[in-house]
Amino acid sequence: VVEQDPHPGGPAYAFKRRGFTFPMGPLGFSNPAIVQDILKETGIDESLDLKRVYYRLRAFGLKVPLSLPYPEMVGELTSLFPEEEGGIRRFFDEMHKISRLLDNKDEDQDEEAGGLMAASAADYLNDLIDDRRLRRILGSMGTREPYSGLPLLVAMWDLLCEKGIHYPARGMRHLCEILAKPLAGSEGAGELMLSARVSGIAIE
């Protein structure tokens, strides 16, 4: 492996200066089971201690959680928008149903959920929620108007609330370092050349 930076991992690395840590890129990832499987297939027997990331949005004078399991999201948002309880419950119920359709996990195809697949997030939420602030929170996880199609919105909520975003307890830098281990030392499976540039990559 030839790496032009003085460290492994490219932008996933974090560097330290004067006691501070500066991440260069991603702070976490989804599908942690896949990451653990890749480490095993690479011959790395060190298991990552992973922590889940929980996000909150500060907007409209509110502090809104964005990454709790669906039932907890219903409770939290209903406490902030009690007049929208019916729409909030229906929203997360349909997010769950449509995500199962997208993942092909639901053998009994729900026709109503399937019929929503072509809808825009804005049209869907306009019919479901009266409060403009809540439409923006549900539709873009922020303060802008909903802009995506419904399947993308479903995927975003599924990622945050169901699958989750995770990070190594010892940081992304630790993940980079253990990925480099098989290439290090006399018993390594190859060689890791840091601070090395190439003029081109030949492909056959």
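View 1. At 14% relative accessibility, D131 counts as buried (buried means under 20% relative accessible area, exposed over 50%, and partly exposed in between, with a 1.4 Å probe and protein chains only). This is a predicted model, in which local features need pLDDT of at least 70 and side-chain atom pairs count only at pLDDT 80 or more, while totals for chains, interfaces and linings use all residues. Residues are numbered from 1 along each chain as its sequence is written, and side-chain values use heavy atoms, with hydrogens and water left out. You will find D131 in the loop between α5 and α6; helices (H or I, at least four residues) and strands (E, at least two) are DSSP runs, numbered from the N terminus. Setting aside residues up to four places away in sequence, D131 touches F81, E83 and E84 (contact means heavy atoms within 4.5 Å). A side-chain oxygen of D131 also comes to within 2.8 Å of the backbone nitrogen of R133, at the start of α6. Such a polar contact is a pair of N or O atoms within 3.5 Å; within protein, one must be able to donate a hydrogen and the other to accept it, and residues adjacent in sequence count only if both atoms are side-chain atoms.

**View 2. Helix α6 and its cover.** Helix α6 spans residues 132-140 and is largely enclosed by the rest of the structure, because seven of its nine residues are buried. The buried ones are L134, R135, R136, I137, L138, G139 and S140. Their cover includes strands β5 and β6 together with helices α2 (70-80), α3 (85-102), α5 (121-128) and α7 (150-163).

View 3. Strand β5 (residues 56-59) shows a covered face with L57 and A59, and an uncovered face with R56 and R58. In a regular strand, side chains alternate between the two faces of the sheet. Strand β6 (residues 62-65) runs antiparallel to β5, and four bridges join them; two strands pair if DSSP finds at least two bridges between them. Look for V64 in β6 as the bridge partner of L57. Two residues lie between the strands of this hairpin, where F60 takes a positive phi near 55°.

View 4. T78 lies in α2 and is buried, at a relative accessible area of 14%. A polar atom of the T78 side chain sits 2.7 Å from the backbone oxygen of V74. Apart from neighbours within four places in sequence, T78 is in contact with E85 and I88. P82, in the loop between α2 and α3, is exposed, with a relative accessible area of 51%.

**View 5. I201 and a nonpolar surface patch.** At 73% relative accessibility, I201 counts as exposed, and its place is in the segment after β8 (193-194). Together with V2, M193, V198 and I203, I201 makes a nonpolar surface patch of about 540 Å².  Patches are made of residues with over 30% relative accessible area and no salt bridge; like charges are joined within 9 Å, and nonpolar side chains (Val, Leu, Ile, Met, Phe, Trp, Tyr) within 5 Å. A salt bridge is a side-chain nitrogen of Lys or Arg within 4 Å of a carboxyl oxygen of Asp or Glu. Accessible areas come from the Shrake-Rupley method with a 1.4 Å probe; for residues, only the protein chains shown count as cover.
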